[in-house]
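Reader: I would like to learn how to read a model like this one. Please take me through it feature by feature.

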Amino acid sequence: VASYVSVLFFKRVLKIDDALDVSSIHGTSSVIGVISVALFSTTQVNSQGVNGVFFGGSPMLILYQLLGILVSVLW
């Protein structure tokens, strides 16, 4: 659903012509995945030993993930 809405937003609102809609589909899915890691990660499944925010982790993890998104978008 998010990818579909993103394609419509990129084409209709931003007027970006991406022939295969790669940037909106992969970009939106990536951002959702990265934010989900910050929210739902547990020490049982990650090698960093850090819980996500919903499992008692520090909200700083969200800032680190947002920084990663920013660096990727700027790249």
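This is a predicted model: local features need pLDDT of at least 70, side-chain atom pairs count only at pLDDT 80 or more; totals for chains, interfaces and linings use all residues.

Reader: What radius of gyration does the protein chain have, and what would a compact globule of 75 residues have?

Author: The chain has 15 Å. A compact globule of 75 residues would be near 11 Å. For the extents, take the principal axes: the C-alpha trace spans about 40 × 25 × 20 Å.

Reader: How many of the residues count as buried, as a percentage?

Author: Burial is judged by relative accessible area, with under 20% as the cut-off. Here 21% of the 75 residues count as buried. The accessible surface comes to about 5,700 Å². Carbon and sulfur atoms hold 69% of that surface.

Reader: And contacts between residues at least 6 apart in sequence: what share joins residues at least 24 apart?

Author: That share is 24% in this chain.

Reader: Now one residue. Where is the place of S6?

Author: S6 sits in helix α1, which covers residues 2–13.

Reader: Why does S6 count as buried?

Author: Because its relative accessibility is 8%, and the cut-off is under 20%.

Reader: Which residues is S6 in contact with, leaving aside neighbours within four places in sequence?

Author: S24 and T28. Take them in turn. The S6 side chain reaches the backbone oxygen of S24 at 3.3 Å. With T28, the polar contact is side chain to side chain, at 2.7 Å.

Terms used
Residues are numbered from 1 along each chain as its sequence is written. Side-chain values use heavy atoms; hydrogens and water are left out. The radius of gyration is taken over C-alpha atoms; the globule rule is 2.2 Å times the number of residues to the power 0.38. Buried means under 20% relative accessible area, exposed over 50%, partly exposed in between (1.4 Å probe, protein chains only). Contact means heavy atoms within 4.5 Å. Accessible areas come from the Shrake-Rupley method with a 1.4 Å probe; for residues, only the protein chains shown count as cover. Helices (H or I, at least four residues) and strands (E, at least two) are DSSP runs, numbered from the N terminus. A polar contact is a pair of N or O atoms within 3.5 Å; within protein, one must be able to donate a hydrogen and the other to accept it, and residues adjacent in sequence count only if both atoms are side-chain atoms.
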